[in-house]
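Here are my notes on the model, point by point. Have the viewer open while you read.

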Amino acid sequence: MKALVVRLDSFGDVLLAGPAVRAVAAHCSPVTLLCGPRGADAARLLPGVDEVLVWEAPWEGFDPPAVSAADIDGLLRRLRAAAFDTALILTSFHQSPLPTALLLRLAGVAHIGADSADHPGRLLDVRHRRREGRHEAEAALDTAAAMGFLPPPGDDGRLRVLPPPDTSGLTGHGPYVVLHPGATAPARAWGPHRCEEAVALLADAGHRVVVTGGPDETALTRRVSGDLAVDLGGRTGPRTLAGVLRIADVVVSANTGPAHLAAAVGTPVVSLFAPVVPADRWAPYGVPTILLGDQWAPCADTRALVCPVPGHPCLDEVTGQDVVRAVHKLMQERHS
C-alpha cells in the first residue's frame, strides 16, 4: 500500500511527526512525506521516509505565498501521478487539515485520515478527535493509530533521525555543552546578553561550550561565543548539527528546531521555553528536560511571533546562573 504523510510546517514540527511516520512505514511501502520548504531538511532525516515532496501551502508559515491556481494544479498533477492509496494528514492543535484533505481528494486519494475539530463532510474517511493534554508527537501517533497504523514492535515512540556523522573535527575532542541562541520567532528567543552570560558562567564552571546557529545567525553566534566558546554559526547543515547535538552533554535552546533535534538524538535539553505556545504540547519530547521561563506570563498561549510584553520578561528574567544550575542537574541525572 502506497502511503502519503503530510506535515506542512517547520523543521521541528516535521521531527515531531517522526514516530507517526515510522508507524505508517510499518504497514505501508513506499512512504512519501509531503512538507513545506522549512520542514524539508527534517523530512530527509526521518527513518521510514522513502521520498520527500516539497510544496509551500498558502495557509502555512509566517509569510505564505499567494494562492495560485497554476501552483495547485502542479501539485495535483504530482499527487495524481504518484497514485497514493492512503494519506495521513498531521497538523498542530490549532490548525485544520481540511484544505489539505480537499486537495488530496481532488488528486484521487481514496482513503484520508486526520485529526479534525471541524466537520469534514466527505473530505476525511477517518476523523480523529485529539485527546486533551497530548504532546504533538503523541497526538500524531494517536491519529496514525486511528487509521490502523500502529507502531512496530519495539518502537518506543520517541523522536529519531537517521544516524548522524562524526563531528569531532568541528567541535574538538572532549565533553561539551551546546548553546543554541537563535529562534525562528523573536518571541521565543533568549536575549543575547543572557546567552553571553551563560557562556561565561559555563566556561567558569569548567565546561567547554559550543555555540550553534544557522547561516543567518552568524553575527549572533559570534557575539555569544566571544573568546570563550567554539562558534559553529553557519557551519552545520541539519545532519551535521544532529551529530554535534548527539555528542553534547546537554543542549541549551529556546523552543525551536534544534531543541527537537537534540531530543531526536537522545540528548537532554535545558529548554528556554516562552509560553506563547503550551509547553505540554511543544516541549522537547522523550528526553530529560528542564523547562526555564515563566509559563504563566501575560504572553501565554498568544502564539505571538514578537513578544507583546515589554522587556520579554518570560525569558529574560531567566539568568545565566539558572542555566548553569539546570545543566549541572541534567548532567548529574545522566551520569548517576
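Is phenylalanine 62 buried, partly exposed or exposed?

1. Phenylalanine 62 counts as partly exposed, at 48% relative accessibility. For the cut-offs, buried is under 20% relative accessible area, exposed is over 50%, and partly exposed is in between (1.4 Å probe, protein chains only). You'll find phenylalanine 62 in the loop between β3 (51–54) and α4 (69–82). Helices here are DSSP runs of H or I with at least four residues, strands are runs of E with at least two, and numbering goes from the N terminus.

2. Before going further, the ground rules: this is a predicted model, where local features need pLDDT of at least 70, side-chain atom pairs count only at pLDDT 80 or more, and totals for chains, interfaces and linings use all residues. Residues are numbered from 1 along each chain as its sequence is written, and side-chain values use heavy atoms, with hydrogens and water left out.

3. Next, glutamate 136, which sits in helix α6 (residues 136–146). Glutamate 136 is buried, with a relative accessible area of 4%. Setting aside neighbours within four places in sequence, its contacts (heavy atoms within 4.5 Å) include Arg7, Arg130, Arg281 and Trp282.

4. Leucine 261 belongs to helix α11 (residues 257–264) and is buried, at 0% relative accessible area. Beyond its neighbours within four places in sequence, leucine 261 touches Phe11, Leu15, Leu45, Val161, Pro238, Leu241, Ala242 and Leu245.

5. One distance to check: leucine 261 and alanine 43 are 218 residues apart in sequence, and 12 Å apart in space, C-alpha to C-alpha.
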